Amino acid sequence: MKYTTRLYVGFGLMILLVTVMIALIVGILNHQNQDIHNLVEDRYEKIKLLNHIRSSTKNIDNELTILLQSADKDKEEKVLSIREAMIGIDDDIAVLKDIIKAQEAKALLNTLISQVDSYEKTVEESLSRVLYNGTNAVFGIDSMASEQYGQIVTVIDELISIQEGIMEDTLDNSKATYDLFIKISISSIMIALIFGYVVSKWVIRDIKTRFRSIRDVMKSIQYGSENLPRLKLTGKDEIGEIALAYNEMAQALEDHERMEREYTEEIEEQNWLAKQLADLSMLSQEILDILKLGDTYLQEIVPMVDATYGSLYIVKDEQSLRYLTQVSSYAGAENIEFEGKEKIKWGEGLVGQCAKDGKIKQLFHIPDNYISISSSIGEAKPNAIMIVPIHLDGEVVGVMELATLTEFTPLQEKLLMEATKQLGITIYRINQQMQVRNLLEEAQTLNEELQSQSEELQLQQEELRTMNEELEAQYRHSEQKTKDLENTKLELEERTKQLQLSSKYKSEFLANMSHELRTPLNSLLILAQILLENKEENLTVKQKEYVSTIYAAGKDLLNLINDILDLTKIEAGKLDVHEIEMNMSELEQSLIKQFEPLAVKKGIQFKIDIEAGIPRFLYTDEQKVYQILKNLLSNAIKFTERGFVKLEVKKHAGSWGETYVMFKVSDTGIGISKQNQQLIFEAFQQADGTTSRKYGGTGLGLSISRELAALLNGYITVTSQEGNGSIFTFYLPISNLPEKLISEQEAAVTVEEVYPQLIADPTLLTESVQDQYLVGKKVLVVDDDMRNVFSLTTALEAVGMNVSFAENGRDGIQYLQEHDDVDIVLMDIMMPEMDGYEAMSKIRKDARFVDLPIVALTAKAMSHDRKKCIDAGASDYITKPVNLEQLYSLLKVWLYK
Amino acid sequence: MNVQQSSKMETIEIKLLLEGIYQCYGLDFRDYAMTSIRRRILYRMKVEKIATVTQLLDRVLHDPKMMEKLYFDFSINVSEMFRDPSFFLTMRKKILPKLAKYPLIRIWHAGCSTGEEVYSMAILLKEEGLFDKSRIYATDINERVLEAAKKGEFPLKKMQDYTNNYVNSGGVQDFSGYYTVQKDFAKFDASLSKNITFAQHNLVTDGSFNEFHMIICRNVLIYFNRSLQERVHSLFFHSLSNNGFLGLGSREGLLNRMTNLQYQVIDNKEKIYQKDTGV
């Protein structure tokens, strides 16, 4: 039985006993309580009721006596109280009837009831007589009533004593019950105590015994032991389970102990192994020679494995033959017969085989004639032999043979395996070191050789250095020469500058000349033309002829001046090429327009023939092409009296594949002789000096044309026979631009400079819009040249301006001072008396004219004078000859307010 | 609200306006100099009788026409011909002779506005005999001003000043020879615009489009803040050929670290620099 069960049963029984006892005690106490209750409730009530009846009866009796003696007026009241008392008695009796149960008492009660009944009847009789018959009538009855009253009191007292007897009985009963209860209680507690003691004793003793046996076993445990005592298994209770668990623990402890021992042993082995290996490797560290290595190694390793004989072979390769050679032996030198062989072929014998297959070999039961181990006192046969290969990177580099008198333990075998691995590396290292040593020696030899070569090179270098110094000297010399050249160059540049300066002076001179020449010439021409118009019709035919001669001669002179100016410009490189789109048909039209009338006048034919393949637009400097053609055609017409002048335009392929447009001007004129063909392109030359008078002209046209052609990258050729006409051909290279890039759009028209344009073009005048900024404004023209004054006045009046004029600066200033309505001044610069600069400075000094616009009229070629004009006070300037459109624009700008 | 607070509030509003324009129209004025952009915004508000910048933002977001007006205000269109004549004089005397050696001269006018300076440059090139081998690329952010620039018409009333500028810039020809007056405009000769290419280009967002021998960007950078200036300067530097020239406005200049490192100063007063990579 388990301890749990036992304890449950033992203590359960005790609890049961105590419970029964308590129930018993509670029952008895209840009973007691009931008895006392009955005693109080029942008996006491009855006694109380009985006492009440007695007192009521006594009251009635007293009242009745009083009534009989009292006056009439109180009677009725007294009667009433008597009657009330009687009713109270009746009620009490009714209650008593219910609660009295004892037989004896019941009989007595019935007696009491009948007595009370008769008493009440008597009293009632007395009362009615008193009321109706007067006091006297009661006589006799009242004595009867008193008698009855005495009986009632007796019965009641009897009843009370009965009831008191019952009460005493009850008290006796309850006392007996109480005593019984005390007895039962004491005895049951005793029983429970005894029972509890027995159970406890039994359980404790059992537990104590069994724990003690467990403690004894546990005490006997020796720690570290692999055999631990076990507990006997008794019963399946809790202690049994403890024993079982203890046994399992002991088993586990034993296992653990065993494993620990094995592990420690293993570690020790490893340590031994590692120590030996370390010793061996320490040993071989310093050794550089293979033979010494063998000796040292064997001396160490043979005792280590308890061997008595040892021999070491290493592998050698000689002329593709592999063999093993002994490098050292241990304890084997005496017996030459059994001594290991010095040289063993590959695969020969066990040693050779071991080297070949690389496997460890062990021999037992060694035959008699095998090697014997000898000492000074005797010889012995070895018991076991071990042949171990020495590996390096999977290849056998040597073999070690060992013999022992006992046996090789596995540990020793393991040591040998590890040691041979180490040995392999050591052998390799020593081999390598030996090789390095050899190489070092070789290198030292080479180094010495190099040393001597280096010395040689140093000598050569010295030589080179000397040569270099020589070269440097030469270089310095040439530098000096360069400097000299530089100086010469500077000198030359200085000269060039001087030349340029003189060239500049020349061009300035020419420009001045052109102004000086052209201004009067222009006036001359225009005036001649005005005369020719003969508006007043007062000139004779002869006079008109003179005038036209004046005009023609003047025109020639102007052309000559222009040509000289052009040529100067070309030669000075001042002409730029402005390439634009040139419309071929427009070119044709304008040439026809210009030369057709001339040809008709001379009675010769004029034709222009343009080949179909010619592009409609050429990208070139239209103005220059036009000028060249004009020159060629006017020459041709000039020198042709009869026949025709023809212009052909064709494509022409150059010798290097470039394309030209060929303008061929042919005529049937006088022609040019062979020797003159070279001359005509020179400036101021004509084919025949004598003809120059006949044909007129400057002789500059062809020179200009040739230069212009060259500017356009083209050229002009001539073929001619004297008397049979000439052919001038102008070759113009075609730009590489594809034709479609050239738009159909009209090429921007460059207005050809037309001399002279000082006079207002009538067409221009009619087209001019009367501008708000110009109309009614007053302009003062200051110019000494009447022709200019005239032309400017015409042009300015045409747009509605009022024009005044002054001949020179002084007059101009005077005019301004006299008239304050001048809006703008046009001021020529080159004037007699007072020139434009001075005039403008003076005008500006007058506060009234600080803001007066003054426009200076300057010569075309004198650009540097313009700054001077502005400095002198001009608001703006315009170059002569004046372009009218430009003049109008300029006036609008300065008249804007 | 005191003055400081209200100006702070205005700055916030302006930033919101510029951000709104950027998000709505993709036009980026956020890096423009605050003071100048503020003046322009206040001008537009005054003209349109708008009380606050936020109200202007409302209008701009819902009315593209208002954006167009503001855009025109924003792109700075103040220019004149031969502005700072000494700059053009230096160009004529010092720079153009150096450019003459190139077979083709490429010039970029960045922020050309209505083209006054572009035509000035064309005249300069023409007078120095370089015009035919020059190509001028004139760019601006604003298409409208480019349209005007293409026409080459400038108000008559300004021509007197322009004439003075021309003379002071070392002009050697009749200035009146380059234009014809039509009504209230002076129309410049079509031959001047022959080698000019006008194109829309945004310095804030667009990159380089060629390599130039000279870049002229005058009075544009002053309207940008520092980071934008750095961006534009980098753009110019990478668009210049080796030894190319950079011409800036009189109140502009290189950023500190750029001097000596990237450019050589040719004329400190006229703000002309030469790219010098030290190669």
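This note goes through the main features of the structure point by point.

1. The structure is a predicted model, in which local features need pLDDT of at least 70 and side-chain atom pairs count only at pLDDT 80 or more, while totals for chains, interfaces and linings use all residues. Residues are numbered from 1 along each chain as its sequence is written, and chains are lettered from A and ligands numbered from 1 in the order in which they are written.

2. Chain A holds 20 helices and 20 strands, where helices (H or I, at least four residues) and strands (E, at least two) are DSSP runs numbered from the N terminus. Of its 897 residues, 25% count as buried, a residue being buried if 20 or more other C-beta atoms, placed from the backbone, lie within 10 Å of its own, exposed if 12 or fewer, and partly exposed in between.

3. An open sheet of chain A is formed by five strands in the order β17-β16-β18-β19-β20, with parallel pairing; two strands pair if DSSP finds at least two bridges between them. Its edge strands, β17 (802–806) and β20 (876–880) of chain A, each pair on one side only, and neighbouring strands are turned by 25° against each other on average, direction ignored. Within this sheet, β18 (residues 824–828) and β19 (residues 854–859) of chain A are joined by four bridges, and A:V825 stands opposite A:I854.

4. Helix α17 (residues 809–818) of chain A lies across β16 (778–782) and β17, running at about 155° to β16(A); such angles run from 0 to 180 degrees between N-to-C directions, with axes fitted to C-alpha atoms, for helices over the stretch in contact. Helix α20 (residues 884–895) of chain A touches β18, β19 and β20, and makes about 170° with the direction of β20(A).

5. The contact between the chains takes 19 residues from chain A and 19 residues from chain B, two residues being in contact if their C-beta atoms, placed from the backbone, lie within 7 Å. On the side of chain A that touches chain B, α19 (864–872), β20 and α20 each supply at least two residues, and α20(A) gives the most, with eight residues.

6. Elsewhere in chain A, strands β12 (residues 644–653) and β13 (residues 659–667) run antiparallel and are joined by nine bridges, with A:E648 opposite A:K664. Their hairpin has five residues between the strands, and A:G657 takes a positive phi near 85° there. β13(A) also pairs with β15 (residues 726–733) of chain A in the antiparallel sense over seven bridges, and A:V661 stands opposite A:L732 in β15(A).
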